[in-house]
Amino acid sequence: MQSKEDSPQVDQPLAGCRVVERSRSVAAAYAGRLLAAMGAEVVMLEPEHGSILRHAPPLLEDGGDSALFAYLSVGKRSLVCNPHTAAGQALLQQQLAQADILIDDTPLAERAAVNLDPSEVAERHPQLVHVSVLPFGASGPKARWCGEEVNLLHAGGEGYLLPNGLSNELFPDRPPLKIYGHFAGYQGGSTAAMCALAAWWSVPLQGGQYVDVSVQDATLSVGAFALQRLGDGSLEHRTTRRFRYGGVFKTLNGYLELLTLEDRQWSGLVELMGRPEWALDDALRDPLERSRRGDELNQHIREWMARHPVEEIVRRAQELGVPAAKYRTPAEVVSGEHESARGLFGPAMLEDGEEVDVLVAPFQFRCTPLRRGGRVPALGEMNEDAIQV
């Protein structure tokens with residue numbers, strides 16, 4: 001039975017929306033997580049031994065639970081469903097008949113066997129929004145390809161450009177890298193959630209429809225600047241993708257990022273550093289000359305930064321209109337005054353009753369504040385109720 005905490009919230013933005021999620025990837029699970037954060041009732045269809053994400057790293061130190069799964073599943077409910085059996089197939093169709101949105105990352109080769117082919121789903125459930133979330137989409141030569149995070153990040157072009165800037169200067173011999181965590185997966189999930197809501201909004205006029213989301217395409221859209229420059233004949237590489245001067249600097253007690261794209265920002269930077277003699281060269285009034293001498297300027301800036309604390313630099317830079325920001329540790333973000341004021345993190349209860357703080361959502365609704373907190377669902381917690389129905 002549902003507890004009061006798990007029951008649908010009538011005051012939430014997506015109150016009354018029911019989502020069925022069949023996911024094995026971060027992208028599909030994150031799409032469901034965003035909808036759950038807005039108050040949708042999200043039912044995860046899990047195999048008998050649970051989603052593979054239940055065992056995905058990183059793991060919490062106490063008990064070994066997956067921190068990733070805890071975040072992706074909080075606020076959802078779990079239903080064990082094996083659609084390869086007659087009973088499981090009946091349960092699947094029952095859930096789809098009650099749903100507004102289906103989020104599905106079942107590989108194309110497996111969909112017909114479990115009656116999740118888009119045309120069959122549309123025929124049986126004409127008002128259902130069916131959102132397909134696959135590494136390379138559900139059409140095209142790569143539609144049946146598998147892809148992990150590292151593949152998708154590089155297929156989207158971003159991996160080719162990492163590490164760059166200071167990281168490349170410090171470790172010039174390192175091969176291309178991926179961004180830590182699940183950058184591509186979260187981009188794909190955000191796109192899937194947005195498209196799901198757009199399609200659901202149009203159901204009264206259009207009826208249900210099939211939405212084909214490619215995680216590669218979503219990742220590619222984030223790195224569109226590199227493609228724009230390619231159109232101008234400039235091929236970016238991790239050794240050249242950097243600001244001519246500025247970028248990441250090590251300070252006396254941390255790191256910061258500095259941007260000086262405009263003349264007024266350069267002037268502010270000169271003032272910040274106490275108007276050193278080298279910076280007063282008349283030739284440096286020309287932005288093109290500053291770009292040509294970028295390595296020389298960065299060496300001077302680096303020497304100055306190393307002698308001053310990061311908080312002092314950032315405070316003074318902002319007063320002078322120089323874009324500069326400190327690189328903060330995860331602990332500093334979680335305990336930050338601004339983040340606390342916005343209620344960015346809320347308690348999630350693990351299966352063993354322990355509470356951990358997780359990100360609520362990267363957005364807020366003023367008229368319908370999001371519920372802070374939730375519970376990580378136990379495997380198959382809905383099965384008894386579903387069978388009774």
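1. In helix 12 (residues 263-272), the buried residues are Gln 265, Trp 266, Gly 268, Leu 269, Val 270 and Leu 272. Buried here means under 20% relative accessible area, with exposed over 50% and partly exposed in between, for a 1.4 Å probe and protein chains only. Helices (H or I, at least four residues) and strands (E, at least two) are DSSP runs, numbered from the N terminus. The buried residues of helix 12 pack against strand 8 (255-258), helix 13 (287-292), helix 14 (294-305) and helix 15 (310-319), where contact means heavy atoms within 4.5 Å. After helix 12 comes Gly 274, with a positive phi near 85 degrees.

2. On provenance, this is a predicted model, in which local features need pLDDT of at least 70 and side-chain atom pairs count only at pLDDT 80 or more, whereas totals for chains, interfaces and linings use all residues. Residues are numbered from 1 along each chain as its sequence is written, and side-chain values use heavy atoms, with hydrogens and water left out.

3. The protein chain contains 18 helices and 12 strands. Of its 389 residues, 44% are buried. The C-alpha atoms fill a box of roughly 80 × 45 × 40 Å along the principal axes. Among contacts between residues at least 6 apart in sequence, 70% join residues at least 24 apart.

4. Six strands form an open sheet in the order 3-2-1-4-5-6, with parallel pairing. Strand 3 (77-80) and strand 6 (210-214) are at the edges and have a single partner strand each, so one side of each lacks a neighbour in the sheet. Neighbouring strands are turned against each other by 20 degrees on average, direction ignored. Two strands pair if DSSP finds at least two bridges between them; strand 1 (residues 18-22) and strand 4 (residues 101-104) pair in the parallel sense over four bridges. In this pair, Glu 21 stands opposite Ile 103 in strand 4.

5. Two helices that pack on this sheet deserve mention. Helix 3 (residues 86-98) touches strand 1, strand 2 (41-46), strand 3 and strand 4, and its direction makes about 145 degrees with that of strand 1. Helix 8 (residues 183-201) touches strand 4, strand 5 (129-134) and strand 6, at about 165 degrees to the direction of strand 5. Axes are lines fitted to C-alpha atoms, for helices over the stretch in contact, and angles run from 0 to 180 degrees between N-to-C directions.

6. Val 42 lies in strand 2 and is buried, with a relative accessible area of 1%. Leaving aside residues up to four places away in sequence, Val 42 touches Val 19, Glu 21, Gly 32, Leu 35, Ala 36, Lys 76 and Arg 77.

7. Strand 10 (residues 345-349) and strand 11 pair in the antiparallel sense over five bridges, and Gly 346 stands opposite Val 358 in strand 11. Val 356 and Val 358 make up the covered face of strand 11, while Glu 355, Asp 357 and Leu 359 make up the uncovered one.
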